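My notes follow in the order I took them.

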Amino acid sequence: MTSLAFDRRSFLTGATALGAGLALPTSRLAAAVAEQVTPRPLPPPITAAERSARLARAQQLLRANNLGAMLVESGPSLDYYTGVQWWRSERLTGVVIPAEGAPIIVTPFFEQPSIAEQLEVPAEIRTWQEDDEPLKLVADFLRERRVTGQPIAFEDTNRFFLGDRLAAQLPGTRIVNANAVVRAQRMIKSPAELALMQAASDITIAAFRTAHANLKPGMSGSDISAAIVAASKALGGDADGNLVLINEAAALPHGSRKPHRLAPGDLVLIDGGCSVHGYQSDISRTFIFDGKPSADQRKVWDQVHRGQQIALAAARVGATAGSVDDAVRKAYTSWGYGPDYKLPGLSHRTGHGIGMEGHEPVNLVRGETTRLAPGMCFSNEPGIYLPGRFGVRLEDCFHMTPSGPEWFTTPPPSIDQPFG
């Protein structure tokens, strides 16, 4: 995955690396897996015209909410509006979008050529030297646009020091959350965005199938992850890691550092994804390696499979996001799990938003009152975890249409056919 998403998948990198004694070293295994797949045509990236339309819509929302301007620093939202893909550091690179008129990009002087190379929308690039205060550039621009008397919106992941230093430049300026603009736009995906997410999902499930066909006793979680990443990249996706949880570790949603070497009869939980032109997938599968599931494993797998269907049935246009989690938790409680978020049972939310980031607002979690609307995208992953024994997670993403939810990938039919 890109550095902007799914850090949890790299958290356990190397934790189960026991490559000694394998028939193939991890690097050779990955190369062999990559040779088994063929790159597929990908949808085009987001166009400059779509980004310009996003800016125009942002300005409409700024005016509708009586906001003078909005500051978005480096990260997915900067990419969303401008096409500039930049990392966060102590040096500010960001876009200032006024309610009226063209935006500006603020960046260090020595980064200007690189920013100009990526910029896909009409915007003046204003630079600052190492001994300058970059927030003074922002303040000067807000004075030019005569909006200093209005609230200035900050994308909600902007760091504290930016607001603190802007307030020093413009005492009395009211800084507010930009969710009414940024979240309102990014939650609703366009057809082009949905096509990219579909491509990422198709690549991920194909990579899972390929890696599954290459599993052998003695492999570590890191080996399996490397095979999935290699297949994803060979298929055209951008990927950098996956969660691979075996037996008791599968009862911990984000895994364990205890090493384990794959053996026949092991329960394996894989959680991974990739990105295509900056848009993410997220899929989980649970299966038995080279063996038959126990009665308990089959029972829990079937219950999680049913939980996914319950969640999908509850995800109707106009329903609250929280009601989807409520429906799943009600069923799980009736089956003897929980109650609520207690274990054994489902200790995390039923799902999360997804798009340019693996985890985006809003979540399918108790108390979330945002109503589902066409264009919203979510994971559906109501796992069941039995501490000290095993866990089962099946995860597929869906998007809302006017007539209801549609899968990006279809859940598998049974634990005996974990990839359909």
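I began with a definition: buried means under 20% relative accessible area, exposed means over 50%, and partly exposed is in between, with a 1.4 Å probe and protein chains only. I looked up Asn247 with that rule. Asn247 has a relative accessible area of 16%, so it is buried.

**Ground rules.** I noted that this is a predicted model, where local features need pLDDT of at least 70, side-chain atom pairs count only at pLDDT 80 or more, and totals for chains, interfaces and linings use all residues. Residues are numbered from 1 along each chain as its sequence is written, and side-chain values use heavy atoms, with hydrogens and water left out.

**Whole chain.** I looked up the helices and strands, which are DSSP runs numbered from the N terminus (helices: H or I, at least four residues; strands: E, at least two). The chain has 12 helices and 18 strands. Next came the radius of gyration, taken over C-alpha atoms; the globule rule is 2.2 Å times the number of residues to the power 0.38. For 420 residues a compact globule would have a value near 22 Å, and the chain agrees at 23 Å. I also noted the box that the C-alpha atoms fill: roughly 70 × 50 × 35 Å along the principal axes. Of the 420 residues, 56% are buried.

Then I checked contacts, meaning heavy atoms within 4.5 Å. Taking contacts between residues at least 6 apart in sequence, 69% join residues at least 24 apart.

**Aromatic rings.** Rings of Phe, Tyr and Trp (its six-membered ring) pair if their centres lie within 6.5 Å; planes under 30 degrees apart are stacked, over 60 edge-to-face, and the rest tilted. How many aromatic pairs does the structure hold? I found eight. One of them is Trp86 with Trp87, stacked at 4.4 Å centre to centre and 20° between the planes. Trp86 is buried at 10% relative accessible area, whereas Trp87 is exposed at 51%. I also looked up Tyr332 and Trp335, a tilted pair with 5.5 Å between centres and 35° between planes. Tyr332 is buried at 2%, and Trp335 is partly exposed at 31%. Phe208, Phe287 and Phe419 form one aromatic cluster.

Phe160 is in helix α7 (residues 160–169). Is Phe160 buried or exposed? Its relative accessible area is 68%, so Phe160 is exposed. Leu267 is 107 residues from Phe160 along the chain, and their C-alpha atoms are 44 Å apart.

I then went to Ala199 in helix α9 (residues 191–213). Ala199 is buried, at 11% relative accessibility. Leaving out residues up to four places away in sequence, Ala199 touches Pro43 and Val276. From Ala199 to His277 I read 78 residues in sequence and 9.8 Å in space, C-alpha to C-alpha.

**Backbone.** Most residues other than glycine have a negative phi, and most peptide bonds are trans. I looked up some exceptions. Asn247 has a positive phi, near 55°, and sits in the loop between β7 (243–246) and β8 (267–272). Asp290 has a positive phi too, near 50°. Asp290 lies in the loop between β11 (283–288) and α11 (295–314), and is exposed at 54% relative accessibility.

A cis peptide bond joins Leu343 and Pro344, with omega about -5°. Pro344 is in the loop between α12 (321–334) and β12 (351–353). Another cis peptide bond joins Pro361 and Val362, with omega about -5°. Val362 is in strand β13 (residues 360–364).
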